[in-house]
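Subject: Structure for your review

Dear colleague,

My notes on it follow directly after.

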Amino acid sequence: MRYSLKKMFIAALAICSTTVHAQKFEGLALTPPMGWNSWNTFQTNINEELVKQTADLFVSSGMKDAGYTYIVLDDGWMTMQRDSVTGDLVADPKKFPHGMKALADYVHSKGLKFGLYNCAGTKTCAGYPGTHGHEVQDAKLYASWDIDYLKFDWCYADGLNAPQSYAAMSKALHDAGRPIIFSLCEWGSNKPWLWAKNIGQLWRSTGDIGAVFERDTAKDGGWHPNGVMTIVDLQDTLYKYAGPDHWNDPDMLEVGNGMKIGEDRLHFSMWCMFAAPLMAGNDIRKMSKETLAILTNKDAIAIDQDAAGMQAFRYSNKDSIQTWFKPLQNGDWAVCFLNRSTKPQSISFDWKKENVQNEFYKKGLHADAIAYKLYDVWNKKNIGTTAKVLNATVASHDVLMLRLVK
Ligand code: GLA
């Protein structure tokens with residue numbers, strides 16, 4: 001008996017030692033983080049001026065007022081080697097002559113927050129020094145620079161265990177003592193929605209996005225970024241895992257990066273339906289009026305930022321029209337009819353006859369008992385109530401996005 005108890009104790013110890021000991025700062029992202037990231041437009045061609053100009057424009061363009069807060073530098077901010085004496089990461093002195101602390105101070109002086117990127121592996125995806133084996137040292141450095149957000153990638157990570165690697169960095173950040181949002185970026189490869197809730201505030205749920213609506217992978221060959229619709233399709237089953245302080249991240253925005261305006265609108269609408277982090281990925285210095293109008297639509301953003309933090313579920317998918325529903329905190333609903341086809345499509349939706357229910361959320365629309373007002377988020381007007389059948393046309397690669405107001 002004694003012997004088997006001892007064996008059980010040893011077995012329990014062994015299990016504990018492989019368990020992920022996560023520790024994150026709580027409450028840093030009760031709604032999905034909003035901001036800007038350099039990668040989608042600039043890749044490694046980044047510098048101090050770009051960050052300052054972006055911060056200035058966040059304030060003057062209305063992006064800050066719309067809720068965009070975090071300015072994040074992605075890959076390419078470091079020198080190719082750590083400091084030979086201290087082992088610290090070094091900000092590239094050509095790109096960032098005043099260093100990262102001064103840049104963080106500048107961004108903070110605008111009432112905004114500042115973020116950086118690194119990788120759980122031995123190198124970043126662009127080949128700069130990774131954090132593996134330097135978690136505590138790097139976390140202390142970020143804290144000393146007053147960084148507010150860390151995106152943590154997954155290149156050069158052969159043989160590493162994802163939950164353990166990310167938990168180690170999360171703990172190092174926590175121990176360094178500065179509240180820093182921890183954004184996991186392992187592309188959904190190890191199903192982070194199953195284990196990252198206590199490790200970070202957001203996790204990438206897919207591979208990289210590109211500024212393309214629908215990608216024909218058969219024709220492309222090789223590595224390629226995902227089209228918006230591939231990512232939309234991958235979100236269908238993930239809504240159960242998101243919520244305040246732990247979000248699915250379908251990748252940064254490509255609004256303003258070359259798709260048609262309806263496609264940009266669809267992309268932004270769906271990210272809001274998904275309660276996704278809204279990290280603009282365009283050149284804010286050259287943004288058109290149309291791009292700004294999409295990125296700052298306050299009704300769409302209110303759906304994204306809804307305090308209940310419920311991610312949309314797909315109600316139907318037929319004849320190129322997908323219909324997604326998102327329950328909101330005050331009993332309202334957001335609805336998005338998305339037209340994937342290359343032609344305009346007519347839709348007819350009888351609210352009272354459709355049975356919109358979600359067992360996981362324990363929510364139902366009950367339009368037979370409640371007449372909701374229909375508010376069109378993009379045309380900014382009321383278009384009737386759920387008492388009547390909705391008949392509408394949705395343009396090709398575009399959406400009809402409504403808020404059902406109780
Ligand atoms: C990976 C990430 C991207 C970006 C690049 C940088 O591909 O998924 O979002 O950070 O690395 O090299």
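Between which helix and which strand does the loop that holds Lys24 lie? Lys24 is found in the loop between helix 1 (2–18) and strand 1 (34–37); helices (H or I, at least four residues) and strands (E, at least two) are DSSP runs, numbered from the N terminus.

Before the further findings, a word on the basis of these notes. The model is predicted, so that local features need pLDDT of at least 70 and side-chain atom pairs count only at pLDDT 80 or more, while totals for chains, interfaces and linings use all residues. Residues are numbered from 1 along each chain as its sequence is written, and side-chain values use heavy atoms, with hydrogens and water left out.

Lys24 is buried but has no salt bridge. Buried here means under 20% relative accessible area, exposed means over 50%, and partly exposed lies in between (1.4 Å probe, protein chains only). A salt bridge is a side-chain nitrogen of Lys or Arg within 4 Å of a carboxyl oxygen of Asp or Glu. For Lys24, the nearest side chain of opposite charge is that of Asp245, 4.1 Å away; Lys and Arg count as positive and Asp and Glu as negative, whereas His and the chain ends are not counted. The backbone oxygen of Asp245, however, lies 2.6 Å from a polar atom of the Lys24 side chain. This is a polar contact, defined as a pair of N or O atoms within 3.5 Å; within protein, one must be able to donate a hydrogen and the other to accept it, and residues adjacent in sequence count only if both atoms are side-chain atoms.

Not counting residues up to four places away in sequence, Lys24 touches several others, including Ser170, His174, Lys197, Gln201 and His246, where contact means heavy atoms within 4.5 Å. His246 itself lies in the loop between helix 9 and strand 7. Because its relative accessibility is 11%, His246 counts as buried. Its contacts, leaving aside neighbours within four places in sequence, are Lys24, Lys197, Gln201, Trp203 and Tyr241. A polar atom of the His246 side chain lies 3.0 Å from the backbone oxygen of Pro244.

The ligand

Which residues are closest to the ligand? Of the 13 residues that surround the ligand, the closest are Asp74, Asp75, Lys151, Asp153 and Asp208; a residue is counted if one of its heavy atoms lies within 4 Å. Polar side-chain atoms lie 2.7 Å from an oxygen atom of the ligand for Asp74, 2.8 Å for Lys151 and 2.5 Å for Asp208. The protein covers 93% of the 310 Å² of accessible area that the ligand has on its own. Accessible areas come from the Shrake-Rupley method with a 1.4 Å probe; for residues, only the protein chains shown count as cover.

Leu112

Leu112 lies in the loop between helix 5 (99–109) and strand 3 (113–119). With 2% relative accessibility, Leu112 counts as buried. Leu112 and Phe58 are 54 residues apart along the chain, and their C-alpha atoms are separated by 8.7 Å. Beyond its neighbours within four places in sequence, Leu112 is in contact with Ala55, Phe58, Lys64, Tyr68, Thr69, Ile71 and Val107.

Salt bridges

The structure holds 20 salt bridges. In one of them, Arg314 pairs with Asp233, the closest N and O atoms being 3.7 Å apart. Arg314 lies in strand 9 (residues 313–318) and Asp233 in helix 9 (residues 228–235), so this pair ties together parts that are 81 residues apart in sequence. Arg314 also meets Asp236 in a salt bridge, at 3.3 Å from N to O. Since Asp236 belongs to the loop between helix 9 and strand 7 (247–249), that pair joins parts 78 residues apart in sequence. Arg314 is partly exposed at 23% relative accessibility, as is Asp236 at 22%. Salt bridges that share partners also join Lys101, Asp105, Asp146, Asp148 and Arg178 into one network.

Helix 6

In helix 6 (residues 135–144), Glu135, Asp138, Ala139, Leu141, Tyr142 and Ala143 are buried. Their cover includes strand 3, strand 4 (149–153) and helix 7 (162–176). Just after helix 6, Asp146 takes a positive phi of about 65°.

With kind regards
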